[in-house]
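Dear colleague,

I am passing on the structure we spoke of, and I would be glad if you could look through it alongside the notes that follow.

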Amino acid sequence: MIVDATASLAPPRRNLHRFANPGRFLRLAGAVLPWLTAGALILTAIGLVWGLFFSPADWQQGDAVRIMYVHVPAAWLASAGYAALAACSVASLVWRHPLADLAAQEIGPVGAAFAALCLITGSLWGKPMWGAWWVWDARLTSVLVLFFLYLGHITLIRAFDNPERGYRAGAILALIGVVDLPIIKFSVDWWNTLHQGNTISLTGAPHMYISMLWPLLFSTLGFTLAFAAIVTARLRAAVMERRIRALLMARAQHAGAEEWGPA
């Protein structure tokens with residue numbers, strides 16, 4: 001009698017393992033990736049063109065405020081990407097999900113790139129507003145720490161000869177680093193900082209003109225889809241690379257067995 005290996009798993013774990021099969025994941029990723037890419041290109045183009053060329057200038061900051069159409073989405077995805085990295089680490093450590101380690105490995109460089117973009121655009125925005133490229137502001141410093149956490153994760157998972165040890169060490173680091181996310185979020189409330197407070201809240205009205213809010217939302221959604229598309233493409237390539245490597249090793253072992261087998 002053939003027994004389904006996932007039948008004894010609890011429902012949440014069984015749902016997680018539905019896409020553990022490489023073939024099923026590759027089919028799903030191949031179907032979703034074109035839509036993610038198209039949506040990212042269209043929405044990002046609309047948001048950036050609208051925001052950079054047609055939205056009004058701020059009455060205090062002037063045209064320098066247009067940097068926010070890149071800076072704010074990059075800042076959002078730097079934090080959201082690390083939260084996704086931590087979620088993959090939980091799936092790896094608790095449920096041993098086969099794709100969780102690969103997903104964390106591919107999220108790391110993308111998240112680091114968005115964190116770097118956040119820091120660079122923040123410096124470009126801060127120079128005309130504060131008169132300095134960098135200040136040791138609580139928000140800026142905590143985002144810099146996040147960038148170093150990304151770099152640490154990228155380095156740590158590749159620092160061991162045994163990949164499993166690297167994945168475990170990287171997962172532990174990712175979970176420890178989660179403490180930085182609420183610091184980034186609430187730093188402007190907990191300390192006196194130069195960084196402005198949150199202009200968009202889920203519980204209140206936005207503190208910005210609707211003509212500036214809409215292009216910002218388009219840009220943020222476009223950047224989010226771009227993040228998802230890049231990670232999906234990288235993860236798909238990583239799964240295919242692993243399958244090819246396993247196939248080559250199996251062929252090499254088979255060829256060796258034939259060579260040294262009985263005449």
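The second largest pocket of this predicted model has a volume of about 400 Å³. Its lining is made up of 17 residues, of which Phe25, Ala103, Val231, Thr232 and Leu235 are the closest to the centre of the pocket. At least two lining residues come from each of helix 2 (22-54), helix 3 (68-95), helix 4 (100-130) and helix 8 (210-260).

Helix 3 also contains Pro73, a residue that I looked at separately. Pro73 has a relative accessible area of 0%, and because this falls under the 20% cut-off, the residue counts as buried. Leaving aside residues up to four places away in sequence, Pro73 touches Met68, Leu216, Ser219, Thr220 and Phe223.

Of its 263 residues, 39% count as buried, while the chain exposes about 15100 Å², 69% of which is supplied by carbon and sulfur atoms. Among the contacts with a separation of 6 or more, 74% are accounted for by residues 24 or more positions apart.

Technical notes
Residues numbered from 1 in each chain as written. Predicted model: local features only at pLDDT ≥ 70, side-chain atom pairs only at ≥ 80, totals over all residues. Heavy atoms only, no water. 1 Å grid on protein atoms, 1.4 Å probe; cavity = no way out; pocket = protein on both sides within 12 Å on 5 of 7 lines; lining within 4 Å. Points joined across faces, edges and corners; volume = space filled by probe spheres on them. Helix = DSSP H or I, 4+ residues; strand = E, 2+ residues; numbered from the N terminus. Buried < 20%, exposed > 50% of the residue type's maximum accessible area, 1.4 Å probe, protein only. Contact = heavy atoms within 4.5 Å. Areas by Shrake-Rupley, 256 points an atom, 1.4 Å probe, with all protein chains shown as cover.
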